[in-house]
Amino acid sequence: MTAIGYFKPAGLAALAAVGALVLAACSQTPSGQAEPSQPATVAATHSTLTASPSPSASPNTSATVGAMVEGFPKQLLPLMTGATVVSSSFDKASTPSTAALVGTVTAPTASVIDFYSKALEGQGFKAVPGDNVGGVASKDFVRGDNETVNLSVVEAAGVSTFTIGANVAAESAK
C-alpha cells in the first residue's frame, strides 16, 4: 500500500495542499539543482497566512503557512530541533484525526528520519518495512489497527524538506 493509501479524502486534500506548498517553495537553477525560492524566505520571517480549506476538506480543518496551526498535536508530531515550519494542518474533528507538517532543516535526510523514528517509536508506533517510494526517502509507521504516520524527506543543497502526516485516534492528537 502506498503512503497515500493511508489518508482519508479530507486528509488527502489537506496533504495535497501542503504538498503544493512544498513544490512552490523550490525552484530549479540553470544547473538543474533545486534550491529554496522566495516563499522559503517568507516562512523563515514568520509570516503567517491561513489557507482556505478545499471543498472536499472537513469544515474543521485548519491550515497555516509559516507556523504551527492552532491546536496542532506537537507531542505527537514534534518539530525537529533547528527546523522551520513551512506549513501545517490539523483536523481533530474527523475520524481519525489528521495532522500534517511540512518543514525544512539543514540536516541530512538520515538525521530527519532518525529523529522522527525515535519520536514515533517512543509513542508506540512501529516502522513498516521499506525506506523509500520512487527514490524519495519515505517511512511509514503504524500503531494498533488504525493509526498511521508517513514521513517523507527530500534533500537539496544541504536542506532537507520533510512532510509528516498522521491519521490517529482523536485522543492521540494532543
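Start by selecting A110 and K118: these exposed residues sit on the face of α3 turned away from its buried side. (Buried means under 20% relative accessible area, exposed over 50%, and partly exposed in between, with a 1.4 Å probe and protein chains only.) Helices (H or I, at least four residues) and strands (E, at least two) are DSSP runs, numbered from the N terminus.

A word on what you have open. This is a predicted model, where local features need pLDDT of at least 70 and side-chain atom pairs count only at pLDDT 80 or more, while totals for chains, interfaces and linings use all residues. Residues are numbered from 1 along each chain as its sequence is written, and side-chain values use heavy atoms, with hydrogens and water left out.

**Stop 1: helix α3**

Now select residues 109-121, the whole of α3. Its 13 residues reach 18 Å from first C-alpha to last, close to the 18 Å expected at 1.5 Å a residue; the expected span is 1.5 Å times one less than the number of residues. Which residues of α3 are buried? Colour T109, V112, I113, Y116, S117 and L120. They lie on the same side of α3 because they cover an arc of only 125° around the axis, taken from the directions from the helix axis to the C-beta atoms. As a rule, an α-helix has 3.6 residues a turn, so residues three or four places apart point the same way.

What do those buried residues pack against? Show β6 (97-105), β9, β10 and β11.

**Stop 2: the core**

Next, pick L77, Y116, V149, F162 and I164, which have the most contacts inside the largest nonpolar core, a set of 27 residues. (A nonpolar core is a set of buried Ala, Val, Leu, Ile, Met, Phe, Trp, Tyr and Cys residues joined through side-chain atoms within 4.5 Å.) The elements giving two or more residues to this core are β5 (84-91), β6, α3, β9, β10 and β11. Centre on I164: leaving aside neighbours within four places in sequence, its contacts include L77, Y116, L120 and V149, where contact means heavy atoms within 4.5 Å.

**Stop 3**

Select 136-143 (β9) and 147-156 (β10), antiparallel strands joined by 7 bridges. Two strands pair if DSSP finds at least two bridges between them. R143 has E147 as its bridge partner in β10. This hairpin has 3 residues between its strands, and G144 in the turn has a positive phi of about 65°.

Carry on to β11 (residues 159-168), which pairs with β10 in the antiparallel sense over 9 bridges. Here, S152 is partnered by T163 in β11. The β10 and β11 hairpin has 2 residues between its strands. Zoom in on A157, in the loop between β10 and β11: its phi is positive, about 50°, although it is not a glycine. A157 is exposed, with a relative accessible area of 65%.

**Stop 4**

Go to the peptide bond from T95 to P96, which is cis with omega near 0°; P96 is in the loop between β5 and β6. For background, most residues other than glycine have a negative phi, and most peptide bonds are trans.

Finally, find S62 in strand β4 (residues 62-65). S62 counts as partly exposed because its relative accessibility is 33%. Its contacts, leaving aside neighbours within four places in sequence, are V69, S88, S89 and F90. The C-alpha atoms of S62 and S88 are separated by 8.3 Å, with the two residues 26 apart along the chain.
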